[in-house]
Amino acid sequence: TELGVERRFVPESCPRAVRPGDFVRYHYLGSFPDGTRFDSSYDRGSTFNVFVGKGQLIAGMDQALVGMCVNERRFVKIPPKLAYGSEGVPGVIPPNAVLHFDVLLIDLWNSEDEVQVQTYFKPEKCPRTVQVSDFVRYHYNGTFLDGTLFDSSHNRMRTYDTYVGIGWLIPGMDQGLLGMCVGEKRIITIPPFLAYGEDGDGKEIPGQASLVFDVVLLDLHNPKDGIAIENQLVPESCERRSQTGDFLRYHYNGTLLDGTLFDSSYSRNRTYDTYVGKGYVIAGMDEGLLGVCTGEKRRIIIPPHLGYGEEGRGKIPGSAVLVFDIHVVDFHNPSDSVSITVHYKPSNCTVLSKKGDYLKYHYNASLLDGTLLDSTHSLGKTYNIVLGSGQVVLGMDMGLQDMCVGERRTVVIPPHLGYGEDGVEGEVPGSAVLVFDIELLELVSGLPEGYMFVWNGEVSPNLFEEIDQNHDGEVLLEEFSEYIQTQVDTGKGKLAPGFDFEKIVKNMFTNQDRDGNGKVTAEEFKLKDQEAREEHDEL
């Protein structure tokens, strides 16, 4: 004669229980005391959906549902006076029938409910939160209130990407995402009137269903965003900042906003080399690399419309904000020439280096970021060259001009006057600016341009006869070489310094051997000034 309620299963967590006025969705089996079934929601494949305490149910069920938790199971015995009484339901419920219901509560909400947000992880740093009109990328698991999964972006292995607050989402999700930080995890519970309402979505979500979304925010930007720059390290000395048209070499780590690494120049052990402001890189990087110093470290945050857009690229998903942590190794401009800074010059500095002079000097060679490449000091010997003869890179030939013995200077050489785009494998990176700290230790004056040998006095009028020691009217290479060696040893003549004696002599002999037969005759033999006069007369 009285209502009987047996709680056969009660979940450990019960954040909310049914109250009069709530809307519930539940499954049930209806039977008579002898076990005969008269009704079942399971057979219809849909829950029974109804308000509690508003007279939409038989009185016994109205009372029996109060206090239930979602996922709770109750066995309810309802006497006739709280069911269908003496009349029953023709053809279904006989008069004065006691009814048994096995009830499982699936869902519960109230028309006064709002979106519920429970944050269970929030990053320590949260520089920005989701606002109306922002574009977000997030992962989610979507379940009903009883925990049944109906959808998951994780299963598709692709984020859900959308604008917030402009009607692209159900109203409850529009509200629930506001204020989130990148990396934040929250549970958003949405009543059906802020979700898919009475009709559901026509697929997985039934009508009047509360939805629970477990969300992690991966990315966030606004279409009005520009790039953001965070300076991490700026050298105290910054004599020059990058401008449009400069060529930069830099290292970088590229990550998504949630910290996922998608690329790194460090892993390739090679800098990324590019022109700036010329469209060779994405627009955001073109802008972010302007105004940097050599040695500077900065973070450049690039919204997708200045990055790889909606399509993405490779490991970069569509509509992704990009974060580049860069370290500028060096930069130059194609119009740059050699830069010379004199640190010390002797007071007696009358003899200056010129083309053709033989120089001995020490140097330390480094990159613009200070990385040491080479040093003559470590080898314990000087570097020796003939200036202007192509024995060193063009920039060094220029940097050693007009130097006096004892002078110390720093020579900065752009790559187009150094080792160019290719560099020197294993030693000098391609497109690298080079820095040489130089000290000139010795200078041997060279000969006038075009001369490999000069006389220190008057030239003998019988020069050919003196060289032709056996007086056979022909001079061989051996005779010629022996004669030149004697003139140098006795101080009567001087060879161009810094060159191999045998090569110079052979070159001089070849110039005199005009018919190429390995012998020089008196008719072939001419001094350099005689050759010049003859050429002038011919002209």
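According to an unreviewed UniProt entry, the annotation "domain: EF-hand" covers residues 455-490 and 500-535. Keep in mind that you're looking at a predicted model. Here's a quick tour, starting with that annotated stretch and moving on to the nonpolar cores and the aromatic rings.

**The annotated stretch**
- Residues 455-490 are 50% helix and 8% strand.

- In soluble globular proteins, nonpolar side chains tend to be buried together.
- The largest nonpolar core here has 26 residues, and those touching the most other members are Val 24, Tyr 26, Met 61, Leu 65, Leu 99, Phe 101 and Val 103.
- Two or more residues of this core come from each of strand 2 (23-31), helix 2 (59-65), strand 5 (73-78) and strand 6 (99-109).
- Strand 6 gives the largest share, five residues.
- Looking past its neighbours within four places in sequence, Val 103 is in contact with several residues, including Tyr 26, Met 61, Leu 65 and Val 76.
- There's also a second, separate core of 25 residues, with Ile 205, Ala 209, Leu 211 and Leu 217 among them.

**Aromatic rings**
- You can find 33 aromatic pairs in the structure.
- Take Tyr 361 and Tyr 363: their ring centres are 6.2 Å apart and their planes are at 45°, so this pair counts as tilted.
- Tyr 361 and Tyr 363 are both buried.
- Tyr 26, Tyr 28, Phe 32, Phe 38, Phe 48 and Phe 101 are linked into a cluster by ring pairs.

**Charges over rings**
- Arg 8 has its charged end over the ring of Phe 75, 4.1 Å from the ring's centre.
- Lys 185 has its charged end over the ring of Phe 121, 6.0 Å from the centre.

Conventions: Residues are numbered from 1 along each chain as its sequence is written. This is a predicted model: local features need pLDDT of at least 70, side-chain atom pairs count only at pLDDT 80 or more; totals for chains, interfaces and linings use all residues. Side-chain values use heavy atoms; hydrogens and water are left out. Rings of Phe, Tyr and Trp (its six-membered ring) pair if their centres lie within 6.5 Å; planes under 30 degrees apart count as stacked, over 60 as edge-to-face and the rest as tilted. Buried means under 20% relative accessible area, exposed over 50%, partly exposed in between (1.4 Å probe, protein chains only). A charge sits over a ring if NZ of Lys or CZ of Arg is within 6 Å of the ring centre and within 35 degrees of the ring normal. UniProt positions are given in the numbering used here, feature names are shortened, and annotations may be inferred rather than shown by experiment. Helices (H or I, at least four residues) and strands (E, at least two) are DSSP runs, numbered from the N terminus. A nonpolar core is a set of buried Ala, Val, Leu, Ile, Met, Phe, Trp, Tyr and Cys residues joined through side-chain atoms within 4.5 Å. Contact means heavy atoms within 4.5 Å.
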